[in-house]
Amino acid sequence: MNTRSISEIVAPSSYWIPAASIGLNTNILEINLINLILVLGILFYYGKGVLINFLQNREKTISNTIQDAEERYAEATEKLQRARIRLQQAEIKADEIRISGLTQMDKERQDLVDAADKDLNGLEDSKNYAIRFEKQRAIEQVRQQVSRLASERALESLNSRLTNELHLQMIDYHIGLLRDMANKSTYHKI
């Protein structure tokens with residue numbers, strides 16, 4: 001069995017001449033296991049602190065975001081509750097306004113009906129008064145016409161029947177009536 005050193009296992013002696021200087025083999029196909037382990041070890045050793053800091057900062061950011069979201073949720077819930085209370089109060093007020101409006105509308109409707117009834121009664125009274133007035137006027141006109149016609153007929157009848165002698169008797173009769181009336185008024189004055 002051939003004893004070889006670790007350096008020969010990792011890199012055979014034929015590669016030592018070109019690798020006289022220290023450096024990394026950047027050819028991906030020629031990368032050997034040690035270079036890969038070294039790179040990963042260095043990255044892990046030095047990158048661990050940065051990664052831990054990054055993860056801690058990320059955890060704080062997420063935690064702060066969650067806490068902020070919970071605060072906003074609580075605030076939004078409180079605002080929603082206040083809005084619901086205001087909505088209930090607004091609905092109650094709207095119902096009160098609606099009921100008040102309906103009551104006012106009924107009152108105004110009743111007032112209008114009462115005013116219309118009063119106006120109708122006034123018009124009815126006025127109509128009845130006008131009818132009575134016109135009836136009285138018509139009756140008065142009929143009376144005047146009847147009286148005039150009766151007077152005309154009586155005058156015609158008297159003129160046709162009246163003779164001088166009858167005429168003189170009538171005048172005497174009326175003069176007697178006037179004397180009696182004059183005597184009675186003198187008698188009452190005493």
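Predicted model: local features only at pLDDT ≥ 70, side-chain atom pairs only at ≥ 80, totals over all residues.

Reader: Why is the pair Y45 and Y46 called edge-to-face?

Author: A pair of aromatic rings is described by the distance of the centres and the angle of the planes. The ring centres of Y45 and Y46 are 5.0 Å apart, and the limit for a pair is within 6.5 Å. Their planes stand at 80 degrees; over 60 counts as edge-to-face, so that is the label.

Reader: What makes Y45 and Y46 exposed or buried?

Author: The relative accessible area is 59% for Y45 and 60% for Y46. Exposed means over 50%, so Y45 is exposed and so is Y46.

Reader: How do you know that the rings of Y129 and F133 are stacked?

Author: Their planes lie at 20 degrees, and under 30 degrees counts as stacked. The centres are 6.5 Å apart. Both residues belong to helix α2, four residues apart, which is about one turn of the helix. By this rule the count comes to two aromatic pairs.

Reader: Why is F133 called partly exposed, while Y129 is called exposed?

Author: F133 has 45% relative accessibility, which falls between the cut-offs of 20% and 50%, so the label is partly exposed. Y129 has 55%, and over 50% means exposed.

Reader: What makes L36 partly exposed?

Author: The relative accessible area of L36 is 44%, again between 20% and 50%. L36 sits in helix α2, residues 33–161. With L33, I37, V39, L40 and L43, L36 makes a nonpolar surface patch of about 580 Å².

Notes
Residues numbered from 1 in each chain as written. Heavy atoms only, no water. Patch = residues over 30% accessible without salt bridge, like charges linked within 9 Å, V, L, I, M, F, W, Y side chains within 5 Å. Areas by Shrake-Rupley, 256 points an atom, 1.4 Å probe, with all protein chains shown as cover. Salt bridge = Lys/Arg side-chain N within 4 Å of Asp/Glu carboxyl O. Helix = DSSP H or I, 4+ residues; strand = E, 2+ residues; numbered from the N terminus. Buried < 20%, exposed > 50% of the residue type's maximum accessible area, 1.4 Å probe, protein only. Phe/Tyr/Trp six-rings, centres within 6.5 Å; stacked < 30°, edge-to-face > 60°.
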